[in-house]
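These are my notebook entries on one structure. I record below what I looked up, entry by entry.

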Amino acid sequence: MYETIAGIKSFFMIVFNYAPMFLPSVWITLELSIFSILLGTICGLIVNLLKMTKIGVLVAVADIYVAIIRGTPLLLQLFFIFYGLPQIGITIDSFLSAVVGLALHNGAYISEIFRGAIQAIDRGQNEAARAMGMTKFQTFRTVVFPQAFKNAVPALGNQFLLAIKDSSLASIITIAELMTKAREFAAATYSVFPIYFDAACYYMLLTFVLARLLNMLEKRLRVNERKTSL
Amino acid sequence: MIEIRGLYKNYNDTEVLRGIDLTVEDGEVVSVIGPSGSGKSTLLRCINFLERKSKGDIVVDGKVIENNPLEINNLRKKIGMVFQSFNLFANMTALKNVMSGIVTVKKETKAAAEKKARFYLDKVGLLDKVDEYPAMLSGGQQQRVAIARTLAMEPEAVLFDEPTSALDPELVGEVLAVMKDLANDGMTMVVVTHEMTFARDVSDKVVFLSDGKIAEMGAPGDLFNRPKNGRLKNFLSRMDLADKPEKRSAGV
């Protein structure tokens, strides 16, 4: 009995002692996540714009990009950027490699989310805008995309949460983010369980805050819907 | 102002329009009637290139419209369109819907666009609904906003594609009333409609379309009272015009 209580006590001692030491790495994880989400969203948007041009070469570039990213593991993509590119003379530092890798990865999935959301918009919306003399791009910007984005928010949120968690893979290319630090501390102290518990709590905190923000966004975007009591 | 010359349209092997020649004069109201599947909507959609014609010419103000984005967009600025399913932009309030084209296409300032938008929303009697989103409006109100949105572009002509077909019967009148006002103001209009009373009372010319061809065309009095074409006679008898004037004219 006493041993159990002592064990729990020492567990939490380590948890609390090490928690502040994670902060710099939490910051890096946060940076990686924010960059990969923002750049990934832009990437996803560009893919859809390329496809909209209906110009063969551009559509092919977009399709090949999505096929490659979705067809290979993220781990391999990060290896390729960090270890592979220098061999052909392109050297970028590890943080930038991670951001590029994660953004390209998320971009491919986000482009598919947008594609689905755009296809779900009633054709009449497009026709009405075009019939007024709007160009394809004006129609997309003012009518189709705002509606598609709103419909995409739940699926985007899913992808954004994945982006936070996937940033942990940057640990394999020497970035001192949350997972890297957890491995370091665990190796130094042999206190594997409390240290990883810390890391898990930080990931939970980040994803929880993001999920709440997305929820608020979803509610705000719902202003144009009929209110129902159901 | 609009001239349709030898217009053909086929989807793969199906011929929808088979040689349409039609002239719409300035300020004229032309109603297009006919059984479903006769190509009425396709004809209308070919005029503003929402549907690409297979053969023939669309001539506006004496100029053949070439099939390129610039000419098509210029044509669309001149000729507005009102749809059966309203197609109000779901992400915008009534006011923003009406402003959208003025700001995006005509590049006017927001202030000028809002002033114009309020003027046209007032014209269709919906100044009290400016801040409502389409989902909060009735079908009739949505269609009136859609008409205001089209008018706000200050077009030379408006195409109406069965503007009342998606409406509950009691809401048809309010939309027809707006259209009648517009006709009285001298707007050039091409109206695809099932509202025979409207076609008879408001239009200058009625076109009866059957199997992708104009089967009969003329002044409404001649067409409705002395139809020559067999299919038109048949069509009119099925539309049961006899008991409608009293009911419908109440709203108009």
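Predicted model: local features only at pLDDT ≥ 70, side-chain atom pairs only at ≥ 80, totals over all residues.

**Entry 1**

Residues are numbered from 1 along each chain as its sequence is written, chains are lettered from A and ligands numbered from 1 in the order in which they are written, and side-chain values use heavy atoms, with hydrogens and water left out.

**Entry 2: Aromatic rings**

A pair of aromatic rings is described by the distance of the centres and the angle of the planes. I counted as a pair any rings of Phe, Tyr and Trp (its six-membered ring) with centres within 6.5 Å; planes under 30 degrees apart are stacked, over 60 edge-to-face, and the rest tilted. How many aromatic pairs are there over all chains? The count comes to 17. Among them, A:Phe35 and A:Phe95 are edge-to-face, with 6.3 Å centre to centre and 80° between the planes. This pair links distant parts of the chain, 60 residues apart: A:Phe35 belongs to helix α2 and A:Phe95 to helix α5 (residues 94-119), both of chain A. Helices (H or I, at least four residues) and strands (E, at least two) are DSSP runs, numbered from the N terminus. I also recorded one aromatic cluster formed by A:Phe11, A:Phe12, A:Phe16, A:Phe193 and A:Phe197.

**Entry 3: A leucine in helix α2**

A:Leu30 is also found in helix α2 of chain A, which covers residues 23-53. A:Leu30 counts as partly exposed because its relative accessibility is 28%. Its C-alpha atom is separated by 13 Å from that of A:Leu162, 132 residues apart along the chain.

**Entry 4: Charges over rings in chain B**

I required NZ of Lys or CZ of Arg to be within 6 Å of the ring centre and within 35 degrees of the ring normal. The charged end of B:Lys9 sits over the ring of B:Tyr11, 4.8 Å from the centre. B:Arg149 lies over the face of B:Phe89, at 4.4 Å from the ring centre.

**Entry 5: Cysteines**

I searched for disulfides (a pair of cysteine sulfur atoms within 2.5 Å). The count over all chains is zero. Is A:Cys43 buried or exposed? A:Cys43 is buried, with a relative accessible area of 18%, whereas A:Cys201 is partly exposed at 35%.

**Entry 6: The cavity**

On a 1 Å grid over the protein atoms alone, a cavity is a set of points where a 1.4 Å probe fits but cannot get out, and lining residues have an atom within 4 Å of a point. Grid points are joined across faces, edges and corners, and a volume is the space filled by probe spheres set on the points. I found one cavity of 30 Å³ or more. The largest cavity has a volume of about 90 Å³. Its lining has 13 residues, with A:Ala131, A:Met132, B:Gly80, B:Met81 and B:Thr150 nearest the centre. The largest share of this lining, three residues, comes from β6(B).

Notes
Buried < 20%, exposed > 50% of the residue type's maximum accessible area, 1.4 Å probe, protein only. 1 Å grid on protein atoms, 1.4 Å probe; cavity = no way out; pocket = protein on both sides within 12 Å on 5 of 7 lines; lining within 4 Å.
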